[in-house]
Amino acid sequence: MPELELLRPDHAPALLAFERENRAYFAASIPDRGDDYFHRFDERHRALLAEQEEGLCYFHLLVGTEGEVLGRVNLVDVADGCAELGYRIAERAAGRGLATGAVRAMCDLAADSYGLTALRAATTLDNAASRTVLARTGFTVVGETELDGRPGLSYRRDVRP
């Protein structure tokens with residue numbers, strides 16, 4: 001079973017491979033990271049680790065049994081007991097319930113390891129898979145939003161009773 005691992009320096013090669021292999025797949029439903037992301041990947045990876053060290057964000061990889069990255073599940077903009085949830089699953093791993101399982105696990109980590117009380121998320125209206133994952137994991141719609149010029153929904157979930 002894949003495991004969530006907190007981002008580490010040695011994850012860089014597998015993470016870069018994941019992002020390259022899935023670039024077109026991700027760009028079909030979310031904004032593309034752009035060429036600069038790939039050209040400056042090492043610098044960006046170090047910056048993410050620094051943000052994580054400061055407690056501003058928590059970046060996780062969903063790692064398979066062979067050490068391959070199957071997804072990312074992140075908590076960003078941590079403040080006042082709340083954070084924004086973001087996730088992406090590799091095309092070859094989609095449709096197997098990995099996103100639902102990973103988001104559930106992240107909700108537990110958010111409360112138990114990071115002391116958070118609530119999570120926010122957002123997705124576009126045309127991303128049915130993400131809307132389904134958020135609904136299955138206890139997120140509720142709290143409003144409308146716009147993401148990269150596309151209509152979407154904002155969600156929230158309390159992670160502590």
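Predicted model: local features only at pLDDT ≥ 70, side-chain atom pairs only at ≥ 80, totals over all residues.
Residues are numbered from 1 along each chain as its sequence is written, and side-chain values use heavy atoms, with hydrogens and water left out.

**View 1. Helix α6 and its buried face.** Helix α6 covers residues 128–136, and its buried residues are Ser130, Val133 and Leu134. Seen down the axis of α6, these buried residues fall within an arc of 95 degrees, so they line one face of the helix; the arc is that of the directions from the helix axis to the C-beta atoms. An α-helix has 3.6 residues a turn, so residues three or four places apart point the same way. On the other side of α6, Ala135 and Arg136 are exposed. Here buried means under 20% relative accessible area, exposed means over 50%, and partly exposed lies in between (1.4 Å probe, protein chains only). Helices (H or I, at least four residues) and strands (E, at least two) are DSSP runs, numbered from the N terminus. The buried residues of α6 pack against β4 (82–89), α5 (98–112), β5 (118–124) and β7 (150–158), where contact means heavy atoms within 4.5 Å. Just after α6, Gly138 takes a positive phi of about 90 degrees.

View 2. Gln52 lies in helix α4, which comprises residues 41–53, and is buried with a relative accessible area of 10%. The side chain of Gln52 reaches the backbone oxygen of Leu7 at 3.0 Å. Leaving aside neighbours within four places in sequence, Gln52 is in contact with Leu6, Leu7, Cys57, Tyr58 and Phe59.

View 3. A search of the whole structure finds 0 disulfides, a disulfide being a pair of cysteine sulfur atoms within 2.5 Å. The sulfur of Cys57 is 13 Å from the closest cysteine sulfur, in Cys82, which is too far for a bond. Cys82 is likewise in no disulfide, and the nearest cysteine sulfur to that of Cys82 belongs to Cys107, 11 Å away. Cys57 is buried, with a relative accessible area of 4%, and Cys82 is buried at 8%.

View 4. A search of the whole structure finds 12 salt bridges, each being a side-chain nitrogen of Lys or Arg within 4 Å of a carboxyl oxygen of Asp or Glu. Side chains of opposite charge can pair when their charged atoms come close. Glu19 forms a salt bridge with Arg33, the closest N and O atoms being 3.3 Å apart. Glu19 lies in helix α1 (residues 12–21) and Arg33 in the loop between α2 (23–27) and α3 (35–39), so the pair ties together parts that are 14 residues apart in sequence. Glu19 counts as buried, at 2% relative accessibility, whereas Arg33 counts as partly exposed, at 33%. Asp35 forms a salt bridge with Arg23, with the closest N and O atoms 2.9 Å apart, and this pair links Asp35 in helix α3 to Arg23 in helix α2, 12 residues apart. Salt bridges that share partners join Glu19, Arg33, Arg72 and Arg88 into one network.

Technical notes:
Polar contact = N/O pair within 3.5 Å; in protein donor to acceptor, adjacent residues only side chain to side chain.
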